[in-house]
Each structure stands twice: as structure tokens, then as C-alpha cells.
Amino acid sequence: LSGIEKDLRATRVVLNYHGRSWPLLLNEAGFYLNKEVIMEQALNAGRQGSPLQRWKERNHIKIAGCAISPVFQFDQEKLTGRVKELTREVTEEPVDATFKIGDNDSVVVVPSQNGVGVDFDRLKKDLSSVITDGGKPEVALSLAPVAPARTTETIESMGVNGLLARYTTGFDSSNVSRTYNISVAARALDELLIMPGHVVSFNEVVGPRSSEAGYKTALVIVNNEFVDGIGGGVCQVSTTLYNCVLLANLEIVERTCHSLPVSYVPIGRDATVVYDALDFKFRNNTDSYLYLSSFVYGGQITFKIYGNTANKKDVSISTWVTREIAAGVVYEDDPNLPKGEQVVKQEGASGFMAAGERVIMSNGIVEKREALSSSEYNPMNKIIAIGTSNTIKPQIAPSTPS
């Protein structure tokens, strides 16, 4: 069987279509014999039915032998891929319907288009005939319309017809690494379609922040300090999205504040993320799809959320400090300074407790007030270095002219 399979894999079947032809090597089409099924057929020959039936069948096998049908299969992915590659001059991929954002944030549906492709059900039957009948290794291709995965009707039924909310934050575009990281993370969220009831996980969509994923080293907050780390800047993306989600009146499922306040949003309105540890999640609690758009340009990152404008509300966000936490003072010995001399190595900063509220209004009337999750920011201690060196540095006398 292995020898037969090897020979069959080396067979070239010519695919013909309106004067064009392409040689298809069966090995490239993922052809293989199902040896287990064939051997089972052989083992069952003369061993099934009544004793009389088995006796008759065994005698027949002794005289005429037993014909066993070849059982073979194609790897659908390999067959499809190779045939598409060969016939690309006569086929055309379908185009999915999508959204296009027009002027003034209008939503335009870009219609789908049917494609033209090989009728693979027919092709596999024809290839099977060539293999089993042993005829001329040629097949006449049949083409058939190929429907898109997302039709125009599907997109129209999603109910996305206008802008629900937008939010923008700024950053220093001269910081190349941070700017790059912001762009990479924002691009992962761009053109995201969110079905009703679905929970969006920032970490699942954006993925790990690693050098393999293309992220660079920039400042991140670790243990209440700003230090260099892979993916610095991604938290500005999650924070900008968080504020846009709040303004779109969507349900917040998970949000965590930074350990220190950040400068690009008001206090209490940030959302930090750490892959496999801290996530930002929200739910599409509307009855239609949502369409997320992001863009980064000129030192700004903007998120826009589109949906059914029948669900749009006037939303205002306010946050405030509920408690200030005084910074401490830490003294550190420094052998590089003369004994008793003091130098401030780090200026202190107060910590804060913050609260917030989302107010939902319609036609000027308050429909609902929602408390936002509280935020706690740690103080940064003031660090003073105190010299411990007893070494007296030699004084160099000024030179005198000769």
C-alpha cells in the first residue's frame, strides 16, 4: 500500500479550463491512502455473514481474488491552496462588506462582492474518478460563484449608523519608542467589530507586549517608579479607550488604576494593563454591533466608537480627590558625598484617593448616575542622600604665571 501511495502521489493531473491548463501533482494536493480502512477491508474478506456465505466468499477469493476499493483522501487545505495558486488568473476572491467612515463621522456600508472560484466538490469527484478508473490524467475544471463571509445584508443588519463617542489624549511624539508602542497597540484595536453582549478584553485583542511582537523599550511604572520596560506607552492606549467607552455609555467589566497618577487624563480616569495580570474589559451592552476606530497622528491618539445612534446618550464624567496621602521622607547614606552633606535625589509627591461619577442624560434630563471604580495612587517618598565619606579631597592651588 505504501508503494502504491508513493506512485499515486507522483501522478500529475492536468487541470483544463477554456484553453488553459495547469499540472497538479497529487502530492501537492495532500493526497494520501487511508491504509487502515483498506487493510480492514482485506481482513474482513470472507469473515462476515453466515458460515455458508463465508465459505462461498472464500472459495470465490481462491479462484478470482478479491477486489478492494481504494480509500483515499485529500488534505482540504493543501488542495485548496495549491489549486488557488495555479488558477489565480481565472479566479477572483470575494470581497467582504465592511464599514467606511465618511465625512462628519457618517457611516457608509461598502457592499460585498461575490467571487469566482473552483468548484472543489466537483474537482474532488473528478480527481477520484481519474485515480480509481485509471483513465487519462486530465480534469475539466468547473468554476462557481463564491459568496463572501460577510454580505452587505449582514453588515446592514448590525445597526451601526453613527458615532456614539470619541476621546483623545496627547503624548510627546519626539519619544520615538513610546510613540511606536502606542501605534502598534492602537492598530490592533482598529476596525474591531463587537457583537451585542460580547466582552472585549484589551489583553486578548492587543496580545503580549514583547520585543517579538514588535514593541520597544519606553518608560513604564514598576514598584511606584518610572523605569524603562518593553511596551511603555500601551497603558495610554487602554486609558484612552477606557474614557471613550465611558462616554459611549458602555458597561465597564474590569478596570485598574495605575499606582501613580498619569498626566494625560484627569485623576481617576486611567486604566492600566499588564499582560496576564491586569486587564481592561468592557461589554457591548447595546442591542446592536459596535465598530471601533483608532488612529494615531501628530502626538495624539484618538478612539471612536460607532453604533446605533438610537442608543446614544449625553454622558458626562467627573472625578475628584477624596483624600491626599502625604509623602514620606527617606534618608539614604551616600559614600560618594562628604560626611554630613545632603542632596535631594528624588522630590516627593503626594498620593491620592479618587472617586468618580458617570452621569447619563437624555434631552437634558438625568436618567442615571453611576459611581466609577475608586482609584488609589501611592505617594512618592522624598529621597535625601546624606554623605558618609570622611575623605578630604585635595585642593589644587591655582597656577601662577612664571
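**Helix packing and ring pairs**

Mentor: H7 passes H9 in a right-handed crossing; right-handed means that the near helix is turned clockwise from the far one by less than a right angle, left-handed anticlockwise. This is a predicted model, where local features need pLDDT of at least 70, side-chain atom pairs count only at pLDDT 80 or more, and totals for chains, interfaces and linings use all residues. Residues are numbered from 1 along each chain as its sequence is written, and side-chain values use heavy atoms, with hydrogens and water left out.

Trainee: At what angle do H7 and H9 pack?

Mentor: H7 covers residues 176-189 and H9 residues 234-247. Their axes, lines fitted to C-alpha atoms over the stretch in contact, are 8 Å apart. The angle is about 45°.

Trainee: Which residues of H9 make the contact?

Mentor: Contact means heavy atoms within 4.5 Å. H7 brings Arg178, Asn181, Ile182, Ala185, Ala186 and Leu189. From H9 come Val234, Gln236, Val237 and Leu241.

Trainee: How are the planes of Phe31 and Phe72 set to each other?

Mentor: Rings of Phe, Tyr and Trp (its six-membered ring) pair if their centres lie within 6.5 Å; planes under 30 degrees apart are stacked, over 60 edge-to-face, the rest tilted. The structure holds seven such aromatic pairs. Phe31 and Phe72 lie 5.5 Å centre to centre, with 40° between the planes, so the pair is tilted.

Trainee: Are Phe31 and Phe72 buried or exposed?

Mentor: The cut-offs are under 20% relative accessible area for buried and over 50% for exposed, with partly exposed in between (1.4 Å probe, protein chains only). Phe31 and Phe72 are both buried.

Terms used: Axes fitted to C-alpha atoms, helices over the stretch in contact; angles between N-to-C directions. Helix = DSSP H or I, 4+ residues; strand = E, 2+ residues; numbered from the N terminus.
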